[in-house]
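Let's take a friendly walk through a protein model together. Have a look at the sequence and the structure first, and then read on.

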2 protein chains.
Amino acid sequence: MLDGPFEKLVKQISVLPGLGGRSARRIALHLLTDKTGAMKTLAATLSEASASVKTCSICNTLDISDPCKICRDPARSEEVICVVAGVADLWAIERTGAFRGSYHVLGGLLSALDGIGPDDLSIAGLMQRLSGGQTKEVILALSATVDGQSTAHVLSDHITQAAPEIKISRLAHGVPVGGELDYLDDGTISTALKSRAAV
Amino acid sequence: MLDGPFEKLVKQISVLPGLGGRSARRIALHLLTDKTGAMKTLAATLSEASASVKTCSICNTLDISDPCKICRDPARSEEVICVVAGVADLWAIERTGAFRGSYHVLGGLLSALDGIGPDDLSIAGLMQRLSGGQTKEVILALSATVDGQSTAHVLSDHITQAAPEIKISRLAHGVPVGGELDYLDDGTISTALKSRAAV
């Protein structure tokens with residue numbers, strides 16, 4: 001029944017992350033039957049975003065300008081650089097509003113399984129930024145997974161060798177805010193115990 | 001952090017059925033970072049589908065032509081008309097390949113709660129098709145919900161009054177193929193018992 005442009009549309013939607021055939025059909029039908037013209041608007045926004053997306057030559061994030069908005073912001077110094085795996089992580093930290101330094105997007109994590117080595121990440125770009133001498137602290141805001149932690153280890157080795165005066169820190173491990181102890185894994189609980197803080 | 005076209009893109013994706021803010025950001029980032037140009041292709045497909053979508057003047061389905069491919073197919077007679085609530089249901093039945101008659105899409109179900117009355121559905125269109133005299137059977141392939149069943153009731157009243165010679169049938173109720181009895185609700189089990197078939 002699905003013909004020509006409809007079938008093409010469903011196929012292209014179904015390969016997006018988190019979606020399958022059924023949800024793709026639902027979305028396609030919603031767009032096709034929407035009276036407010038959501039489909040044309042979405043098509044235009046996609047073209048616009050696709051045409052304006054740029055990779056920041058300093059921090060490697062996506063933005064509509066190069067250097068990106070954060071790297072151009074004079075209020076955000078290079079004194080503290082927060083290293084993240086991907087743009088999604090940068091967006092997540094920016095949403096909290098808790099960080100006012102600058103970022104460096106690695107573009108992934110080291111992974112022996114997926115064949116991602118140091119040359120696939122923008123480690124050289126980070127080291128070059130650090131050689132400027134402005135940076136006092138690097139926060140390794142990487143996932144608490146095996147890949148994340150081994151990447152953090154490699155990075156901190158690199159940084160200590162090249163610039164031993166730079167402080168290296170990582171995100172605190174512990175109980176998530178709002179998390180119930182009963183539902184947490186043993187590793188998190190024992191880490192939270194070891195890193196307990198005075199009240 | 002999300003600026004201009006990016007924020008617009010995430011917002012427009014997040015209102016699609018089944019998606020929220022987090023999945024919309026994931027999809028937007030996937031599209032933005034995709035090297036194969038999936039974004040431009042999707043934008044083009046959306047424009048193309050939006051420009052070519054038509055509502056069939058006979059059966060009320062969506063297609064790229066009017067009358068639709070099924071209504072134009074000489075192999076598919078109007079002897080048996082399958083009445084469905086929406087285009088998604090028509091697609092679902094077409095995927096099975098088990099039905100070779102024609103369809104009529106109501107465009108919804110009667111619902112007192114949602115304020116959908118008989119005039120909001122294409123019941124008049126169906127009655128007009130039936131008045132042609134070609135139709136011998138109408139299959140009411142509506143959901144086994146309160147709204148679906150009350151719509152089926154109203155439709156069968158209408159049809160019996162206008163053309164008492166037309167046979168009216170509904171989909172069989174029972175245990176879904178592959179369904180485990182243990183996980184089925186009581187209503188389905190008792191219906192399946194009542195409509196049990198000889199082996």
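## Charged pairs across the chains

A salt bridge, as the term is used here, is a side-chain nitrogen of Lys or Arg within 4 Å of a carboxyl oxygen of Asp or Glu. The idea behind it is simple: side chains of opposite charge can pair when their charged atoms come close. Keep in mind that this is a predicted model.

B:Glu48 forms such a bridge with A:Lys8, with the closest N and O atoms 3.0 Å apart. This pair crosses between chains, running from B:Glu48 in helix H3 of chain B to A:Lys8 in helix H1 (residues 4–14) of chain A.

## Where the chains touch

How many residues of chain B are in contact with chain A? There are 46 of them, and they meet 46 residues of chain A. The size of an interface is often given as the accessible area lost when the parts come together. For chain B and chain A, the area buried between them is about 4,700 Å², with 76% of it on carbon and sulfur atoms.

Five residue pairs are in polar contact between chain B and chain A, counting pairs with both residues at pLDDT 80 or more. On chain B, the elements that give two or more residues to the side touching chain A are helix H1 (4–14), helix H2 (21–33), helix H3 (38–52), strand E2 (62–63), helix H4 (69–72) and helix H5 (87–96). The largest share, twelve residues, comes from H3(B). By type, the residues on this side of chain B divide into 27 nonpolar, nine polar and ten charged.

## Two copies and an axis

A rotation of 180 degrees, with 0.0 Å of shift along its axis, superposes chain B on chain A with an RMSD of 0.1 Å. The two copies are thus related as by a two-fold rotation axis. Which residue of chain B comes closest to the rotation axis? It is B:Ala43, with its C-alpha at 2.2 Å. The same surface serves both copies, as 100% of the contact residues of chain B recur in chain A.

## The build of chain A

Chain A has eight helices and six strands. Along the sequence they follow the pattern α-α-α-β-β-α-β-α-β-α-β-α-β-α. The radius of gyration of chain A is 21 Å, well over the 16 Å that the globule rule gives for 199 residues, so chain A is more spread out than a compact globule. Its C-alpha trace spans about 65 × 45 × 35 Å along the principal axes.

## Details in the loops

Now zoom in on the loop between E2 and H4 of chain B, where you will find B:Ser65 and B:Pro67. The side chain of B:Ser65 reaches the backbone oxygen of B:Pro67 at 3.2 Å, and makes a polar contact with the side chain of B:Arg72 at 2.8 Å. Leaving out residues up to four places away in sequence, B:Ser65 touches B:Lys54 and B:Arg72.

The peptide bond from B:Asp66 to B:Pro67 is cis, with omega near 0 degrees. In chain A, the bond from A:Asp66 to A:Pro67 is cis, with omega near 0 degrees, and A:Pro67 is found in the loop between strand E2 (62–63) and helix H4 (69–72). A:Asn60, in the loop between strand E1 (54–55) and E2 of chain A, has a positive phi of about 80 degrees although it is not a glycine.

Terms used:
Residues are numbered from 1 along each chain as its sequence is written. Chains are lettered from A and ligands numbered from 1 in the order in which they are written. This is a predicted model: local features need pLDDT of at least 70, side-chain atom pairs count only at pLDDT 80 or more; totals for chains, interfaces and linings use all residues. Side-chain values use heavy atoms; hydrogens and water are left out. Contact means heavy atoms within 4.5 Å. Buried area is the accessible area (1.4 Å probe) that two parts lose on being put together, summed over both. A polar contact is a pair of N or O atoms within 3.5 Å; within protein, one must be able to donate a hydrogen and the other to accept it, and residues adjacent in sequence count only if both atoms are side-chain atoms. Helices (H or I, at least four residues) and strands (E, at least two) are DSSP runs, numbered from the N terminus. Ala, Val, Leu, Ile, Met, Phe, Trp, Tyr, Cys and Pro count as nonpolar, Asp, Glu, Lys and Arg as charged, and the others, Gly among them, as polar. Copies are superposed by least squares on the C-alpha atoms of residues with pLDDT of at least 70 in both. The radius of gyration is taken over C-alpha atoms; the globule rule is 2.2 Å times the number of residues to the power 0.38.
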